[in-house]
Amino acid sequence: MVGRWGFRRGLELDRATQEDLLADPEARPAETSSVEVWLLVISAVLALLGLAAVGYLVWLVVASDLPPGVRLALAIPAVLVVLLVKPSFGRVPKYGVLTEREAPQLHRLVREVAELAGTPVPDVICVDLSLNAGVARLGWRQRSVLVIGMPLWVMMPRSARASLLAHELGHLANGDPLRVRRTLLARTFGARAVAATGGRNPWRRAMRATDSLAEQGSGAFVLLGMIVHGIVALANVAGATAQLLVDTVAMPDSRRAEYRADLVARRVAGSAPFLRSCETALLADRIWQDLWHLAPRIDGDHMEAMAAEARERLSAHLPMARQLSRRTTDLWSTHPGEDQRMRLIEALPDVNGALYVDDIRWAKIDTELAPWRRAAHNALLGTRDRF
């Protein structure tokens, strides 16, 4: 019942968001939404709770005259609270960082996209072997990091790669990573509680543990175990419920941010390249599967051509893939479905992008990224070679 409601509500929110953006595609997002205010308040409360727990632990160690065993028992809840609310700044990746000296043409392209998107240039550009791309603020200094998944990059037509970069930098234009970072405690507290109490299916896990205890111990021991596992399961359900409520509030804003980043990609790279990037994302898993079968007969330099052939061959599956993306997206999805994103751009007038990159520059960028194409090929072969 909850799942069906979430699916219907997600469709309603997507339609309402698209209507707003179609009415005024160039409108700037609000500096602070009511959702963000609520999440900031929750994050502040959790941070104060963590500080109170730290102060309580300091009192137990320094000022309390209780016996050591009692102090240890009283410290356990506070330690759990600290672990659940401790700040997480993330880490800038150590591997895959591309300096401007190593990839001057790629850095130049990113600078041009950032200028057209009206956003700061990312502090760090990284490449990894994921079927994804993203931008985030990481580390104590909250440096902006652009991550390019080489498998996805290889699959994209060249013009669609510019759209991919423009979409990710569009999040910086809208301040999305910074907003997420400010509200991270509220967004992750419930998920941390669920992970700390064993993950999904808490009652099934509690019953299995109780059955195991019943086979090995006496009645009192089994009763104590049932109480402990019951408390853990209740905590797990409470954490899952809290996360569900937070996601219900937060995800619509997250999806609205994706639509706005799509509009930036349309303005910078053009409508057709954006649609091509979405089509490639829809087929990415199948293209990767085809490349996996071809990997022993090709090398890294042939991956782009083989991916293009696979993309054309699989294009007949696009209508079904679009429908599937729409049916598997609900209220709690961080991103709208690819079909919904494409519908927004298709409903707007077709535009040519402000960015133009000729084939000579693309060839130079491909040369700079050649070691990572070979790394992606090695990943297909199942080897552990990074380069």
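## A helix, a sheet and a helix pair

Let's start with helix H6 (residues 158-173), which lies across strands E2 and E3 and runs at about 25° to E2. Keep in mind that what you're looking at is a predicted model.

Now for the sheet itself. It's an open one, built from 3 strands in the order E1-E3-E2, with mixed pairing. E1 (124-128) and E2 (133-138) are its edge strands, so called because each pairs on one side only. On average, neighbouring strands here are turned by 25° against each other, direction ignored.

Zoom in on E1 and E3 (residues 143-149): the two run parallel, and 5 bridges join them.

Elsewhere, two helices meet. The axes of helix H4 (residues 104-117) and helix H15 (residues 359-368) come within 8 Å and cross at roughly 125°.

| Helix | Residues in the contact |
|---|---|
| H4 | Pro104, Gln105, Leu106, Arg108, Leu109, Glu112 |
| H15 | Arg361, Trp362, Lys364, Ile365, Glu368 |

What sort of residues make up the contact of H4 with H15, by class? There are 5 nonpolar, 1 polar and 5 charged residues.

Terms used: Residues numbered from 1 in each chain as written. Predicted model: local features only at pLDDT ≥ 70, side-chain atom pairs only at ≥ 80, totals over all residues. Heavy atoms only, no water. Helix = DSSP H or I, 4+ residues; strand = E, 2+ residues; numbered from the N terminus. Axes fitted to C-alpha atoms, helices over the stretch in contact; angles between N-to-C directions. Contact = heavy atoms within 4.5 Å. Nonpolar A, V, L, I, M, F, W, Y, C, P; charged D, E, K, R; others polar.
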